[in-house]
Amino acid sequence: MKNNKIFLIGNPNSGKTSLFNAITGERLHVGNWPGVTVQKIEGVIRSPEKCTVLTDLPGTYSLSPATPEEKVVLESIDEASKGKILNVVDISNFERNLLLTTQLVELGLKPILSLNCYDLFTKNGGSINLQRFAALTQLNAYPTVARTGTGVNALIDCLISEEKEPSICKNPSSLDFSEKWKTVLIKCAKSFNIDWAEASPLKKHEILSKFISTSDNNLSEELIKIRNDFAQEISEESKRTIKPTNLACELAMDRYSRIEKLLAATATVPEKNLPKWQEKLDSLLTHRIMGLPMFLALMIFIFWTTFSLGEPPMGWIESGIDFLANFAESKLSEGLLSDLIINGIIHGVGGVLVFVPNILILFFWIALLEDSGYMSRAAFMMDRLMKAIGLQGRAFIPMIMGLGCNVPAIMATRIIDSKFQRFLTILLIPLVSCAARLPVLVLLCGTFFPNNPSLWMFLLFSVNIAVILLLGHFSNVIFKAVENSPFLLEMPPYRLPTFKSVLDTLKEKAWHFIEKAGTVILAGTIIIWVLSSFPRDIPLSFDYENEKTLIMSVNDETERQKALESLDSKRELEYMENRYMAKLGKAIHPIMEPLGFTWRETVSLIPGFLAKESVVSTLTVLYLPFSSDLGEAMTKSGITPLSAFVFMLFTLLYIPCLATFGVMWRESGSLKFTVSSLFIYFIIAYLASFIALKVGELMQTADGIALENILIVICSIIAAWYLINITISSISGKMCNSCSACSGCPSKTENCKGGCHK
Amino acid sequence: MVRTTICLADLPEGHTATIRDIDVDSPTAQRLLDLGFIPGTKIRAIKKAPMGDPTTFEIRGYQMGLRRSESELIDIEIKPNEKQ
């Protein structure tokens, strides 16, 4: 069997993924490109003679890279030139999709074209003379409808055909550079001592981007002269003044004129890709007044179905796991192994599977929204709001889903196309208080503030929202200079989602979660289990078994039960105090002391990493010596409502649960990012709690909580916010990065790179 | 003939104009050029989002949403015969 490589390249939204699914019989793997955390998907085309590997490159509008994803495409070009390139062209958006093809041809490549969405093209009144098109472009072109699989077989035959398709053009293609440009580029290459005809595609791209760069900086004198001469030459020809720094614009115009000429000669292209009725639908769905309420109603519906329809299957999974645990318990003799299997592995697996119903339901809706084209409209409407925390419109759905559960929410960030935006959304989601944290807060608030728990809950949530706003705002200001990818939101035509594509998404998501995040969650569960059940031999303070037999001799049934129960819990407490977990908690306790935490609270935070609910159950055991009622016990041990509030705030913010951690790691593909995020959460929780403690102390010394004190606090927070903003903008020279109309700006300064103050 | 030059961000909803120039100094410009936002191309502002930003534009037969920060990079001219 021979192994061949084919690279799939095309615009975002051109149906690349559908075509990939239609072509490949099986998915080889999903991984990352080395160095960057951009997903790499490979699949195989099986045929009797050989096995062809198809690599799906990230979607890109052009070869001049604006985002890390697009850089990957450019860097893969050299490798791709050795194999075959399959260029997916959305024919319903012909002109723009051909730009990428033009760029490939210019670099001397000979991609096989898949004219995708052919059904839409003909339905809108388009037609194309394929023979003429192939003759003029010197490219093989196959009309396809990836969603239904029409035309895919002919394409596959071409892809796997043995005939050695020369990747390098022999005859000039009508999409290639005109003589004028070719001559100047050969000259240009010579100034670098490179032969244009022999250069690799990547090298050619490098020379070309140098040639059309927008400033003369870093260019050799010879190259500057070539640029000036060429600008003058085309100025004379077109009778316009063209500056050498404006060659990029000239090239774009030249490319589009080639495309227009080609299309005029070979095809009738519909005037627009959105039919009239879709424009009407658009104006209804994104209506100024009606659009948002409709979207919000849809969101509430999706939220409700995801988390309430998901509940029964979650219950089945839980009872299934319990049944399995009981079964294992009855079959295995009591000991270390059975403890590991039951409490470590079985419950760990249960902890993974329990998320699957939510993920499936949420992704069912997301697949529908995405496939139908409504997602872009929703992003369009929400963009302005999300911009306030430095995100884009598409981040709205994941953030809202975070209120239900952070795990599917982080997986939903897949819908965000920019890497920076996706990472920022992943960073912010764990701070959104999920449904599992609610019972913890309800319990704690009810325990410590029996008079008006809801008021305190409201306060906690307000702090939470403020933290999200602050973190989003600052990350954006700090990293804006690094990442400056343009905001582009294409409005694709509405389409009816196909059953198959939705099913494919669901299968992929569920499997991806179990395989990738599941392993992390399982491993974490076992680690926590080890911490909480070792060392095994703990010297007990007195002989419990002896005591037990003594109690057994008591005649009264209820009294005996009571005594046994209290004895058992006493023993459990003694065990817990001596396990590694308690030791670890005691070891890190000095760090937590400034927040007013006792060692018991510190210890309870460790199992809280597994699931926040465990904080309460651990506390209950640890506070047994004071009272069996947690609230009473904590009050007895001298914990004030203030320190209880600080503890709740810390619990809310400090670290996401293990499952969230696993998903963050796997979705970002970067352990560094995930671990540093954990530190960020910890620091934020620590700072917020510390501030809350100090503010609370201040207010307590001033005879209870007076209204003016609250006002002073609010005012100082606003003032601090304002001051920090000013500082940051003065340091980073804000308004330079996002500002436009640079060249014409009167106050353009030296130190703001290419920007101005507006 | 009266010609008015404004930036794309100020094109009222529903109006058509012709692109005159693009600010090539901005890093976003190359991307806009590649997408077909080149001098001489007709462009129509379709609608603003409910909160005023972004705006969708129709160009070369497809629709693209741009934020104000991007559409400010594009200079347009409205010829009298293409007001609507």
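Trainee: In this predicted model, does A:Lys84 count as buried or exposed, and at what relative accessibility?

Mentor: A:Lys84 is found in strand S5 of chain A, which covers residues 84-90. A residue is called buried when its relative accessible area is under 20%. A:Lys84 therefore counts as buried, at a relative accessibility of 11%.

Trainee: Which backbone oxygen lies 2.8 Å from a polar atom of the side chain of A:Lys84?

Mentor: The side chain of A:Lys84 has a polar atom 3.4 Å from the backbone oxygen of A:Cys158. At 2.8 Å from a polar atom of that side chain lies the backbone oxygen of A:Leu159.

Trainee: Which residue of chain A forms a salt bridge with B:Arg60?

Mentor: B:Arg60 is found in the loop between strands S4 and S5 of chain B, and has a positive phi of about 50° although it is not a glycine. With a relative accessible area of 16%, B:Arg60 is buried. In its salt bridge the closest N and O atoms are 2.9 Å apart, and the partner is A:Glu260.

Trainee: Why does the pair of A:Glu260 and B:Arg60 join two chains?

Mentor: A:Glu260 is partly exposed, with a relative accessible area of 37%. Because A:Glu260 lies in helix H10 (residues 247-266) of chain A, while B:Arg60 lies in the loop between S4 and S5 of chain B, the pair joins chain A and chain B.

Trainee: How many residues apart are A:Lys225 and A:Asp229 in helix H9?

Mentor: A:Lys225 and A:Asp229 form a salt bridge in which the closest N and O atoms are 2.9 Å apart. A:Lys225 counts as exposed at 52% relative accessibility, whereas A:Asp229 is partly exposed, with a relative accessible area of 38%. Both lie in helix H9 (residues 221-238) of chain A, where about one helical turn separates them, the spacing being four residues.

Trainee: Which helix of chain A holds both A:Glu206 and A:Lys203?

Mentor: The side chains of these two residues, A:Glu206 and A:Lys203, meet in a salt bridge of 3.4 Å, N to O. A:Glu206 counts as partly exposed at 39% relative accessibility, and A:Lys203 is partly exposed too, with a relative accessible area of 33%. They are three residues apart, about one turn of the helix, and that helix is H8.

Trainee: How many aromatic pairs are there over all chains, and is the pair of A:Phe364 and A:Trp365 edge-to-face or stacked?

Mentor: Over all chains the count comes to 23 aromatic pairs. For A:Phe364 and A:Trp365, the ring centres are 5.2 Å apart and the planes stand at 65°. Planes over 60 degrees apart count as edge-to-face, so this pair is edge-to-face.

Trainee: In strand S6 of chain B, which residue is the bridge partner of B:Ile19?

Mentor: Strand S2 (residues 16-22) of chain B is joined to S6 of chain B by four bridges, and the two strands run antiparallel. S6, spanning residues 74-78, is mostly covered, with four of its five residues buried. The bridge partner of B:Ile19 in S6 is B:Ile76.

Methods:
Residues numbered from 1 in each chain as written. Chains lettered and ligands numbered in written order. Predicted model: local features only at pLDDT ≥ 70, side-chain atom pairs only at ≥ 80, totals over all residues. Heavy atoms only, no water. Buried < 20%, exposed > 50% of the residue type's maximum accessible area, 1.4 Å probe, protein only. Pairing = 2+ DSSP bridges. Polar contact = N/O pair within 3.5 Å; in protein donor to acceptor, adjacent residues only side chain to side chain. Phe/Tyr/Trp six-rings, centres within 6.5 Å; stacked < 30°, edge-to-face > 60°. Salt bridge = Lys/Arg side-chain N within 4 Å of Asp/Glu carboxyl O.
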